[in-house]
Structure formats: structure tokens, C-alpha cells
Amino acid sequence: MSTLVLEEPVPSSVSPSHTVLELTVQNHPGVMSHICGLFARRAFNVDGILCMPVNGGRTSRIWLRVREDRRLEQLVRQMEKLADVLDVRRQDAEHEVFLRLERFFTSD
């Protein structure tokens, strides 16, 4: 005899867990398009994007706030294979860069 186990729905007031991906990339036209295209082809939503040039503009740092998902590890591995992506690091969802931006946009 088998037993059917149903998961309880998550209340709408509880937000799903997020993570921040911190990328170091070559700074030239089309890099952001390649990265966003990778997410789009896999129907993976990006909740926040911040990009700033570093190292005198030769490279850029991109922070992506995304939801934790079982597909995320595979997506990170595929991102690391992109020619212009130099480094990918995972940060916790409470990364300072997004916390400060949230305060900026919600302050009166």
C-alpha cells in the first residue's frame, strides 16, 4: 500500500530563499546579453542586477539576485563556461550590495 504525501503550501507572506551570484567578467559590449540570455533560455528569473566596472574598466563585477532553485548549480556551471566570465561566487541573500540598494529605493 502506498501513501500519498502532500506538501503544505508555503504562506504567501514567506518569501522564497534567494542567493546572490557575484560575477567577474570581461568588460565589453554583449557580456550582459550573454549572461541574461543564459538565464532566459532556462526560464530562470533574475530578481536584481547590479553591474559596475572595476580594474580601470577592463573587467566588471555583476551581482545577480536569484531565487534558490535546484537548477541553480547547473546554471552556475554553465555560466562559468562562458568565455567572458572570469569568476562566479555565491553569496548569501543578505549581501550588503542589495540591502543598501533596497534601503535607497524604499527610503522617503
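# Close-up views of salt bridges, sheet and cores

**View 1. Glu73 and its salt bridge with Arg90.** Glu73 counts as partly exposed, at 41% relative accessibility (buried is under 20% relative accessible area, exposed over 50%, and partly exposed in between, with a 1.4 Å probe and protein chains only). The model is predicted, so local features need pLDDT of at least 70 and side-chain atom pairs count only at pLDDT 80 or more, while totals for chains, interfaces and linings use all residues. Residues are numbered from 1 along each chain as its sequence is written, and side-chain values use heavy atoms, with hydrogens and water left out. The side chains of Glu73 and Arg90 form a salt bridge with an N to O distance of 2.2 Å (a salt bridge is a side-chain nitrogen of Lys or Arg within 4 Å of a carboxyl oxygen of Asp or Glu). This pair links distant parts of the chain, 17 residues apart: Glu73 is in helix H2 (residues 72–80) and Arg90 in strand S4 (residues 85–92). Helices (H or I, at least four residues) and strands (E, at least two) are DSSP runs, numbered from the N terminus. Arg90 is also partly exposed, at 34% relative accessibility.

**View 2. Other salt bridges.** A search of the whole structure finds 8 salt bridges. One of them joins Asp69 and Arg71, whose closest N and O atoms are 3.0 Å apart. Asp69 is partly exposed at 29% relative accessibility, and Arg71 is partly exposed at 33%. Glu96 and Arg100 form a salt bridge with 2.6 Å between the closest N and O atoms. These two residues are separated by about one helical turn because they lie 4 residues apart in helix H3 (residues 96–106). Glu96 is partly exposed, with a relative accessible area of 46%, whereas Arg100 is exposed, at 52%. Elsewhere, a network of salt bridges links Glu22, Arg61, Asp87 and Arg89.

**View 3. The four-stranded sheet.** An open sheet is formed by 4 strands in the order S2-S3-S1-S4, with antiparallel pairing (two strands pair if DSSP finds at least two bridges between them). Its edge strands are S2 (46–54) and S4, each of which pairs on one side only. On average, neighbouring strands of this sheet are turned by 20 degrees against each other, direction ignored. Strand S1 is joined by 9 bridges to the antiparallel strand S3 (residues 59–67), while S2 and S3 pair in the antiparallel sense over 8 bridges. Pro53 has Ser60 as its bridge partner in S3. In the hairpin of S2 and S3, with 4 residues between the strands, Asn55 takes a positive phi near 55 degrees. Helix H3 lies across S1, S2 and S3 and runs at about 105 degrees to S2. Axes are lines fitted to C-alpha atoms, for helices over the stretch in contact (heavy atoms within 4.5 Å), and angles run from 0 to 180 degrees between N-to-C directions.

**View 4. His18 in strand S1.** His18 lies in S1 (residues 18–26) and counts as buried, at 13% relative accessibility. The bridge partner of His18 in S3 is Arg67. The side chains of His18 and Asp47 make a polar contact of 2.6 Å (a pair of N or O atoms within 3.5 Å; within protein, one must be able to donate a hydrogen and the other to accept it, and residues adjacent in sequence count only if both atoms are side-chain atoms). Leaving aside neighbours within four places in sequence, His18 is in contact with residues including Asp47, Val66, Glu68 and Ala93.

**View 5. Nonpolar cores.** The largest nonpolar core has 17 residues, and those with the most contacts inside it are Leu21, Leu23, Ile35, Phe39, Leu64 and Met79. A nonpolar core is a set of buried Ala, Val, Leu, Ile, Met, Phe, Trp, Tyr and Cys residues joined through side-chain atoms within 4.5 Å. At least two residues of this core come from each of S1, helix H1 (31–41), S3, H2 and S4. Beyond neighbours within four places in sequence, Leu21 is in contact with residues including Phe39, Ile62, Leu64, Val76 and Met79.

**View 6. Leu38 in helix H1.** Leu38 is found in H1 and counts as buried, at 3% relative accessibility. Leu38 and Leu75 are 37 residues apart in sequence, with 7.9 Å between their C-alpha atoms. With neighbours within four places in sequence left aside, Leu38 is in contact with Leu75, Gln78, Met79 and Leu82.
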